[in-house]
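Here is a walk through one protein model.

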Amino acid sequence: MIRSIGTTVRHHHEAGELLSIGERARYLLVLRIALAAAVVAIGASDLVPVTHAAATFALGAAAYLTVVGCAELLQRRADTVLLPLVRGSLLLDGIFLAWAVALSGAATSPIRFLAFAHVLGVTVLYSYRSGVKVAMWHSVLLLLVAYAEPAGVLAGGRSSEAIEGAAIVTVIALWLAALATGAFAALSERELRKQKGDLERLSMMLERIQVAEAPVDIARVLLAEVVDTFGFRAGAVFASSDSELAAIAATGVEVPEGTRIDDPTARDAIRQRRVLAVAGFDPDVDPGLDGIFHGSRNLLVVPLLAER
């Protein structure tokens, strides 16, 4: 049996798109189809206080889906225009919903709540920054549509005092939803990027191990990557086929190559086949490890076992 043990001291360390933009755009297309269907359904229902033919909403939704569908096809064929098309289509989403709101009651239209779904979808699919920008766009359009009625641009005849309560509450609620979703999306995005970084580091480490010429070189590569990735201040690798363990790699501490230890904590980790977390090494119990990591706190003893 080959027995090896790594001991490390840890401190705080912070590392610095799993889906392509094209894939996200396709998911967003599904959301757009759902929004268009919801606009048609609400426009044809009794929820709309202003009477308009259901065909008006259906034609508007069809025109909207035709444009975003063409944009989606163009995105697949021309990568150079991908980002401009994505950004432009997000603006078009807001214009479509604002048009539907204007036809269905302006400040009190039930369709205005579909903007919440759009903001949440963009935040989840793209980023919290995109969600905040889209929320701002919807806010501007909703306020323009709401105050177009008192200005006489839209039919209805209500005064500013009659509509401002509903308009302001809607915008505030939209921002609360956008900010809350954005906060959680930012945390999730940070974790996903960290995982992607870890995978890249693992791939690079495996490449270095493949070109290593000796077991000692592999131990040094492994120790360097572990210390750098997890932010450990120091570490050492010991290996042996007999009862004693000999140092083959170290960083952050002075360990002459060939230094041997036979401490109980090391033997316990190997025997139990699990990581041992210790506050520190007792010089009376583990004199070898304490001599190497004297004064260190919060250590991990990690057994690496291989049968042959």
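The radius of gyration used here is taken over C-alpha atoms, and the globule rule is 2.2 Å times the number of residues to the power 0.38. For 308 residues, a compact globule would come out near 19 Å, but the protein chain has 31 Å. Along the principal axes, its C-alpha atoms fill a box of roughly 90 × 45 × 30 Å.

This is a predicted model: local features need pLDDT of at least 70, side-chain atom pairs count only at pLDDT 80 or more, and totals for chains, interfaces and linings use all residues. Residues are numbered from 1 along each chain as its sequence is written, and side-chain values use heavy atoms, with hydrogens and water left out.

The protein chain holds nine helices and six strands (DSSP runs numbered from the N terminus: H or I of at least four residues, E of at least two). Buried residues make up 38% of the 308 (buried means under 20% relative accessible area, with a 1.4 Å probe and protein chains only).

Now the core. Nonpolar side chains tend to be buried together in soluble globular proteins. The largest nonpolar core has 37 residues (buried Ala, Val, Leu, Ile, Met, Phe, Trp, Tyr and Cys joined through side-chain atoms within 4.5 Å). Among those with the most contacts inside it are Leu28, Phe96 and Tyr126. Helix α3 (82-103) is one of the elements giving two or more residues. The largest share, nine residues, comes from α3.

Turn to the strands. Strand β2 (residues 232-240) is largely enclosed by the rest of the structure, because seven of its nine residues are buried. β2 pairs with strand β3 (residues 245-251) in the antiparallel sense over five bridges (pairing needs at least two DSSP bridges). Alanine 239 stands opposite alanine 246 in β3.

Key:
Buried < 20%, exposed > 50% of the residue type's maximum accessible area, 1.4 Å probe, protein only.
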